[in-house]
Amino acid sequence: MNYLVFKEASSLEKVISSSQIALIMVTFNPDIELLKKILDKLQKEHAFKFVISDNASHNLSGIKRLCQIFPKIHLLTHSKNAGIGRAQNDALRFIFQKFPEVEYFCFLDQDGYLAPADVITLCQDLEKLQTQKAAIIGSNLQVPFLKWQLPTQQRYHQTYEVISSGSVIKKSTFVKLGLFYDKLFIDFIDYEWCWRARKHGYRVFVDSQVYLHHQLNWKKSEIRHGKNVIAAFRLYYVFRNGLYLMHSGRMLSQEIKHWKNDLWQQFKFNVFYCPHRLQRLTLIIKGYLASKKLTKAKYLTSSIGHSKINGKSNL
């Protein structure tokens with residue numbers, strides 16, 4: 001990922017109350033003990049609105065027990081795995097209707113932790129960077145065993161895209177740009193939203209001094225050659241969605257060369273260096289074939305209707 005150093009924002013800060021902030025977490029078969037630790041840290045002494053949007057977890061009863069321990073958390077459930085984008089969008093619509101006072105949305109994973117004070121900091125960052133047309137601000141990634149980390153000498157970095165986990169978006173920006181493109185199911189959902197924002201003249205930022213402690217239970221065996229070994233099933237969506245976005249006009253033209261190279265590198269890494277190589281190769285091929293079919297049929301193009309707010313398209 002490429003970053004451009006950006007000047008420090010204005011020192012004038014808008015006072016933001018935690019009651020104006022909503023946390024959204026999507027869960028799918030989470031580690032209940034790890035989730036309990038994360039919720040305990042996030043719920044202490046703060047009035048954040050908190051919504052867990054669960055994608056038909058087999059241990060849903062454990063999540064419900066946690067919501068009894070933390071009664072301020074609202075739990076949304078799905079009868080089947082609807083994908084990350086759909087789960088996030090359902091949580092957003094729920095908050096729009098139930099908590100109209102919320103102005104900022106912070107997205108979290110079930111296995112990542114952002115300190116409550118840092119959640120407020122990111123909201124303040126985003127507000128200060130409104131003069132620079134900031135649509136979204138992400139946090140610096142801190143993962144065990146990975147070699148790369150964003151330098152912290154300069155606080156704000158303008159970039160091309162950020163992952164949704166550990167990021168903050170304003171409600172007013174969702175109203176202007178629409179919600180997430182949920183037909184992608186998983187992978188590239190957050191990137192597509194960032195590219196859409198950039199198409200409309202907005203910018204994407206990272207606060208290098210705010211850390212997302214991601215996947216607290218990672219094992220060193222999940223790292224090969226300094227890279228994360230993703231679950232094999234995701235390769236289908238990585239290649240299907242990446243190639244589809246290239247050919248559908250949703251990926252910015254200046255990004256296509258980069259992502260072609262990235263997918264090629266992922267192909268080599270997964271086929272030659274990762275476990276279960278034949279399975280990974282098969283899923284990559286299936287993703288490629290699915291992208292061709294979707295591009296030809298323009299099937300996903302019609303799914304913009306799923307990114308509506310209160311029934312009205314905002315794209």
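Student: Which backbone oxygen lies 2.8 Å from a polar atom of the Ser-208 side chain?
Tutor: That's the backbone oxygen of Gln-154. Keep in mind that this is a predicted model.

Student: Okay, and where is Ser-208 found? Buried or exposed?
Tutor: Ser-208 is in strand S10, residues 203-214. It's buried, with a relative accessible area of 0%.

Student: Switching to helices: why is H6 largely enclosed by the rest of the structure?
Tutor: Because ten of its eleven residues are buried.

Student: What happens just after H6?
Tutor: Gly-201 takes a positive phi there, about 90°.

Student: Now aromatics. How many pairs does the structure hold?
Tutor: 17 aromatic pairs. Take Phe-188 and Tyr-191: the ring centres are 6.2 Å apart and the planes are at 85°, so that pair is edge-to-face. Phe-188 is buried at 8% relative accessibility, and Tyr-191 is buried at 13%.

Student: And how are Trp-264 and Phe-267 arranged, stacked or edge-to-face?
Tutor: Stacked, at 5.6 Å centre to centre with 10° between the planes. They're three residues apart in helix H8, so about one helical turn separates them. Trp-264 is partly exposed at 47%, and Phe-267 is partly exposed at 22%.

Student: Which residues do ring pairs link into a cluster?
Tutor: Phe-96, Phe-105, Phe-107, Phe-174, Phe-180 and Trp-193.

Student: Last one: which ring does the charged end of Lys-41 sit over?
Tutor: The ring of Tyr-113, 4.7 Å from its centre. Lys-133 lies over the face of Tyr-202, at 4.4 Å from the ring centre.

Methods: Residues are numbered from 1 along each chain as its sequence is written. This is a predicted model: local features need pLDDT of at least 70, side-chain atom pairs count only at pLDDT 80 or more; totals for chains, interfaces and linings use all residues. Side-chain values use heavy atoms; hydrogens and water are left out. Helices (H or I, at least four residues) and strands (E, at least two) are DSSP runs, numbered from the N terminus. Buried means under 20% relative accessible area, exposed over 50%, partly exposed in between (1.4 Å probe, protein chains only). A polar contact is a pair of N or O atoms within 3.5 Å; within protein, one must be able to donate a hydrogen and the other to accept it, and residues adjacent in sequence count only if both atoms are side-chain atoms. Rings of Phe, Tyr and Trp (its six-membered ring) pair if their centres lie within 6.5 Å; planes under 30 degrees apart count as stacked, over 60 as edge-to-face and the rest as tilted. A charge sits over a ring if NZ of Lys or CZ of Arg is within 6 Å of the ring centre and within 35 degrees of the ring normal.
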